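Hi,

Here is the structure I promised to pass on.

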Amino acid sequence: MNLRQFTLNRKLAMLAVALGTLALLAQPHRGPFVKLDARELASVVEEEVDHVTASELATWIVEGRADYRLLDLRTAEGYAAYHIPTAENVPLTGLADYPLLRNEKLVLYSEGGIHSAQAWMLLRAQGYEAVYMVLGGLDAWKDEVLFPSLPADADAAARAQFERATQVAKFFGGEARVAGGAAPPTVGAELPKLAAPPPMPAPATPIAKKKKKEGC
Amino acid sequence: MMTPLYKYGFFGEEFSLLVAFVLGLGFGFFLERAGFGSARKLAAQFYLYDMSVFKVMFTAIVTGMLGVTYLGWIGWLDLDLVYLVPTFLGPQIVGGLVLGVGFVVGGYCPGTSVAALATGRIDALVYALGIFTGTFAYAEVYPSIKDLVNANPMGQVTLPEVFGLPWGLVVFAVVVIAVVGFWGATKIELWAGSRP
Amino acid sequence: MNPRPGSPYLNPYLAGIGLGLVLLAAFVIMGRGLGASGAFSSTLSWLVDLVAPAHAQANEYMSEYLGDGSTHPLKAWLVFEVVGVAAGALLSGILAGRAHLAIEKGPRVSTAVRLLCAFLGGGLMAFGAHLARGCTSGQALTGGALLNLGSWAFMLMVFVGGYAAAWFFRWQWR
C-alpha cells in the first residue's frame, strides 16, 4: 500500500481508526490496585519518620499550624463522641475515595495505632509521601495531652515540661493528673465536651471556605 | 509513573500558575490558528457552510481521549487523579441549550472571545462585557435558583460507567463516530456551499 | 468593519490535534483540563469585591471565588490560563496577519445591532456556562476527552441549541 496516494486528512483518519481500534483493549484506570515498594516502606518505618507523637501534634494545634490535615480514622460515632480538634472524620474504608491531594501532609490517628498503621500503609502505597501516624493514637492523646501526669521522682526538666503540658491540657479542656494519682479516665464521659471548642489563634482553614480550585 | 505531576507534589501552587499561563498560550495559539478568533467562522458552524468548529473540537477531544487512554494504560498517567467535573444532568442540559443560543447570538464562547479580543475584535470585547454582566446577574439570582442549579447530581461519572461498557469500547465508538462525522461534515459543507 | 483576510487558517484537524495535545499536557502536568468561564467568575467576584466588599462576600456564588481572603481572587489557575490564551492568540494572530481592530459581523446587519447582540450573547452564554459548570473549553473539550457524562450531554445540547437558534439569527451572519 503506497501511503503517498492518500491526502493528509485521509492519513489522519486512518491513524485515528487504528489507534481507536487498538484502544479496544485498553484499561486506563488503575482501579483499586496499588504498587508497593516494600524496601522503601521498610526503611521509612525503621528510620521512624513515619509518625509524630501526641505531644507534637498538640503543639502544632496550639500554634495554629494549618499545613497538614488531621484524619480521624474511627467510625462516625466515635468521632462525634470526641475527636482531636481540627480532625476530619474519614473511616478507613472511605479513605481511598476521600479527596486528598498527593502533596498534602496527612496525620492519621485511630483509637490505638493499628488502624492508623494500616491506613498509613495504604496511603503510602497509593503514592502519598507525607503521611504520619500519631504514635499511640487517641490513647496516647489522652495520656500525654489531655491528662498528663508527673511521676513522683521527676527531675527539674521533667517538672518544667509537666508545667507546659498542664497548660496545653487546659487548652484542650483536659487537666493534669495529680502526681501518682488515679489512672486516666477511660470512658467518654470524662473526655472534654466539644460544645465549646478551645479558642484557637488561627484556625485551620475549613474546607468550605477555601477558594474554588478545580472546575472551570 | 508519578503523573499528574501537580497531584504528586512535584511543584506548588505558584508554579502551577505559570503552568496555567503556558498552557493557555498553547490553547490560545491553536484557537486562533484554527480561525476561532473570528465570530463569522464560529457562527458559520450553525449555518452548515463551515463545520470547522465541529472538526476542531472533536479532533481535540479524540486526541485528548486517545492520549489519556494510552497513557493510563501503560501506567504513565494516573487517570483517577484527573479532575472530572461532577455531573448535574438537568442543569447541564439546560446550560448547554442556553450556551448554544448564546453562541449564535453572540458569535463566540468564553474561550474564543478571549482569543478574538486579543486579536482586536471589538465585538468580542463587548461580548466579554456581556459575560461579566451575565455572571453578575447569575451570582445575584443564584441563592434563589440554587436548588435548580444543583438538580440531578450524579457525581463524577463517565460514559463507560453509565452504559456499563468497557472504556476501550467507548473510545473506539467515539473515534468511529468522529471519523464518520468528519466525512459527513465535509459533505454537508459542500452541499451548503453550493446552495445560492 | 470586517478584518482583512490574513493567512489561510490551519487545517482544522491539525489545529484540533494541537489543541488536544495542549489538553493532554494539562492532564499530565496538572491533573485538570482547560477552561475559561471560571476566569470570568473570579475576575467579576474580585471587581465586585473592590466596590462593594460586604455584598460580594455575602453573595454565595461570589464568595466561592473570593475564598477566605488568604489568596487574591485573581491568583486563580484559570485567570492565568485565560491571560495565556489572550497572549497565545495574539501571537498567532500577529504571525498570520490577522491581528487588527475590527468588528466581525454579517453583511446585512449594522455595527450597533451586532454589538448589542454580542453583549446579549455574552450574557446568555454566562448563564449557560455557570449552570453547566463550564463552557465549551472546560466541559466540551476537557470533559469530552475524559468521557464525562455531563460534558457529553452538555456538548450535544450546545449543538442543538445553536442549530435551533440559527434560523432566527441568520440576519446577523448571512
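**What I found**

In chain B, 66% of the contacts with a separation of 6 or more are between residues 24 or more positions apart; two residues are in contact if their C-beta atoms, placed from the backbone, lie within 7 Å. Before you go further, bear in mind that this is a predicted model, where local features need pLDDT of at least 70, side-chain atom pairs count only at pLDDT 80 or more, and totals for chains, interfaces and linings use all residues. Residues are numbered from 1 along each chain as its sequence is written, with chains lettered from A and ligands numbered from 1 in the order in which they are written.

**Chains B and C**

Chain B has 8 helices and 2 strands (DSSP runs numbered from the N terminus: helices are H or I with at least four residues, strands are E with at least two). From the N terminus on, its order is α-α-α-β-α-α-α-β-α-α. The C-alpha trace of chain B spans about 55 × 45 × 35 Å along its principal axes. Of its 196 residues, 58% are buried (20 or more other C-beta atoms within 10 Å of the residue's own; 12 or fewer is exposed, in between is partly exposed, and C-beta atoms are placed from the backbone).

Chain C has 9 helices and 0 strands, and its C-alpha atoms fill a box of roughly 50 × 40 × 35 Å along the principal axes. Buried residues make up 64% of its 174 residues. For chain C, residues 24 or more positions apart account for 60% of the contacts with a separation of 6 or more.

How many residues of chain C are in contact with chain B? The count is 111, against 106 residues of chain B. Among the helices of chain C that each supply at least two residues to that side are H1 (12–30), H5 (77–96) and H6 (111–132). By class, the chain C side has 70 nonpolar, 30 polar and 11 charged residues (nonpolar is Ala, Val, Leu, Ile, Met, Phe, Trp, Tyr, Cys and Pro; charged is Asp, Glu, Lys and Arg; the others, Gly among them, are polar).

**Cores**

The largest nonpolar core has 134 residues (a core is a set of buried Ala, Val, Leu, Ile, Met, Phe, Trp, Tyr and Cys residues joined through C-beta atoms within 7 Å). Val62(B), Met65(B), Val104(B), Val171(B) and Leu23(C) touch the most other members. Leaving aside residues up to four places away in sequence, Leu23(C) touches residues including Ala60(B), Gly64(B), Leu34(C) and Leu141(C). A second, separate core of 28 residues includes Leu57(A) and Val131(A).

**Two loop residues in chain C**

Arg133(C) is in the loop between H6 and H7 and has a positive phi near 65°, though it is not glycine. Arg133(C) counts as buried because it has 25 C-beta neighbours inside 10 Å. Leu147(C), in the loop between H7 and H8, also has a positive phi, about 60°. Leu147(C) is buried, with 23 other C-beta atoms within 10 Å.

**Chain A**

Chain A is divided into domain 1 (38–143) and domain 2 (147–186), with bounds from an automatic or database domain assignment. Their centres, taken over C-alpha atoms, are 24 Å apart, and 5 residues of domain 1 are in contact with 5 of domain 2. Helix H2 (residues 38–46) of chain A has 0 buried residues among its 9.

Cheers
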